[in-house]
Amino acid sequence: RRSSDLIYKLLSKLDGGSGIIRASEFFLYSKKDREAVEKCRELGLKYPLVTSWIRAVKSDFKLVKEIGLDETGILTSCSDYHVFLKLKKTRKQALQMYLEIARAALDEGIVPRCHFEDVTRADFYGFVVPFAIELMKLRDEYKKDVKIRLCDTMGYAVPWPEATLPRSTPKLVHGMIHDAGVPGHLLEWHGHNDFHKVLINPVTAWLYGCAGCNGSLLGIGERTGNTPVEAMVIEAAQIKGMDSRVNYHAITEIAEYYHKEIGVAIPANFPLIGRDFNTTRAGIHADGLLKSEEIYNCFDTAKILGRPPAVVITDKSGAAGIKHWIDHHYNTNVAKDDPRLLKIRDKVDEEYESGRTTCISDEEMHAWYAEAFGG
């Protein structure tokens with residue numbers, strides 16, 4: 001519960017009141033789940049909106065009514081794998097069940113968000129589009145929005161318009177908007193990373209008119225994970241420009257919290273948040289950084305994320321890499337041919353000539369600096 005509360009605060013801090021992180025989704029099944037919902041709602045933060053996730057059964061919907069949420073996700077699996085093999089129903093029976101629970105939500109004034117699970121293995125024009133059309137009829141009848149989440153549950157989607165349905169992300173979004181009549185602002189994309197396309201697919205969905213993207217911080221999720229929220233925040237900035245309300249530095253704070261407080265092992269080379277994501281080991285790169293940071297840093301990581309570029313000392317670092325390390329850690333501007341610096345370089349060379357294969361640690365470098373510079 002405490003973690004949920006703090007993570008929710010961090011999401012809100014990252015959002016900065018911009019609404020770019022529109023909602024956060026909670027289960028309602030256990031007492032602990034419901035307490036987390038209440039704790040987050042008590043904070044009174046505008047974004048992210050607190051919403052829930054339920055199955056398309058009346059007993060689950062009762063939980064939404066009891067806790068008083070304004071919006072809920074409803075699992076409405078679409079592929080024949082789910083309809084026939086998991087639910088043991090016909091398509092007609094599944095569709096009727098889904099529409100009944102969506103209508104029940106609307107009867108209570110709750111916005112239903114129907115999760116089209118496994119849409120990238122579903123019969124698009126035989127089930128998906130007819131289902132979406134019926135949901136839009138309910139929207140017209142109740143004069144209240146009905147949202148649709150396109151769930152690439154197995155990561156099968158591809159970003160190419162030339163690909164066939166149901167795998168083509170462009171065709172899925174285009175079909176929902178133009179053939180099913182779903183306004184783009186009511187569509188969300190939900191992806192998995194089974195085939196390394198968890199970022200390109202939601203970006204493609206955005207560009208073709210799908211307004212929302214689901215994600216999780218650090219991309220943590222089922223199997224290979226989901227779309228990293230922090231990555232999509234940066235993608236939004238690249239597509240539409242930076243938003244002055246968004247607190248991009250919070251991305252670094254979130255990573256530190258996950259690492260230090262939750263114990264998540266973040267890969268060192270993980271984009272944006274990994275320890276070494278803007279770190280160089282090559283001396284020629286370090287030399288470029290010294291001359292102009294833009295040569296070897298992908299963006300102003302110090303300004304945007306509070307993470308200035310760094311170097312790790314290896315046998316490839318050379319004098320330029322060691323100079324960058326000293327200047328960074330001691331706020332100085334030592335010359336590359338300074339005899340004291342060259343003394344440290346000789347120590348580094350000796351380590352690798354003796355068979356070392358690991359990087360030189362910061363602790364070792366600090367000790368060698370003190371020995372060479374007398375500080």
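Arg 55 is partly exposed, with a relative accessible area of 41% (buried means under 20% relative accessible area, exposed over 50%, and partly exposed in between, with a 1.4 Å probe and protein chains only). The model is predicted, so that local features need pLDDT of at least 70 and side-chain atom pairs count only at pLDDT 80 or more, whereas totals for chains, interfaces and linings use all residues. Residues are numbered from 1 along each chain as its sequence is written, and side-chain values use heavy atoms, with hydrogens and water left out.

The side chain of Arg 55 forms a salt bridge with that of Asp 60, at 2.8 Å from N to O (a salt bridge is a side-chain nitrogen of Lys or Arg within 4 Å of a carboxyl oxygen of Asp or Glu). Asp 60 is buried, at 3% relative accessibility. The structure holds 26 salt bridges. Another of these joins Glu 25 and Arg 113, with an N to O distance of 2.5 Å. Glu 25 belongs to strand E1 (residues 23-26) and Arg 113 to strand E4 (residues 111-116), so this pair ties together parts that are 88 residues apart in sequence (helices, H or I with at least four residues, and strands, E with at least two, are DSSP runs numbered from the N terminus). Glu 25 is partly exposed at 34% relative accessible area, while Arg 113 is buried at 1%. Both residues also belong to a network of salt bridges that links Arg 22, Glu 25, Glu 71, Arg 113, Lys 147, Arg 149 and Glu 188.

A salt bridge of 3.2 Å, N to O, is formed by the side chains of Asp 123 and Arg 91. This pair links distant parts of the chain, 32 residues apart, with Asp 123 in the loop between E4 and helix H6 (124-142) and Arg 91 in helix H5 (residues 91-107). Asp 123 is partly exposed, with a relative accessible area of 33%, and Arg 91 is partly exposed as well, with 24%.

In helix H1 (residues 2-15), Ser 12 is buried, with a relative accessible area of 14%. Leaving aside residues up to four places away in sequence, Ser 12 touches Gly 17, Leu 45, Tyr 47 and Pro 48 (contact means heavy atoms within 4.5 Å).

The second largest pocket holds about 680 Å³ of space. A pocket is an open set of points on a 1 Å grid over the protein atoms alone, where a 1.4 Å probe fits, with protein on both sides within 12 Å along at least five of seven lines; lining residues have an atom within 4 Å of a point. The volume is the space filled by probe spheres set on the points, which are joined across faces, edges and corners. Its lining comprises 29 residues, of which Gly 274, Arg 275, Asp 276, Thr 279 and Arg 307 lie nearest the centre. The lining divides into 13 nonpolar, 9 polar and 7 charged residues (Ala, Val, Leu, Ile, Met, Phe, Trp, Tyr, Cys and Pro count as nonpolar, Asp, Glu, Lys and Arg as charged, and the others, Gly among them, as polar). Helix H10 (250-262), strand E9 (310-311), helix H13 (318-330) and helix H15 (362-373) each supply at least two lining residues; H10 gives the most, with 5.

Thr 252 is found in helix H10 and is buried, with a relative accessible area of 9%. Thr 252 touches Leu 305 and Arg 307, not counting residues up to four places away in sequence.
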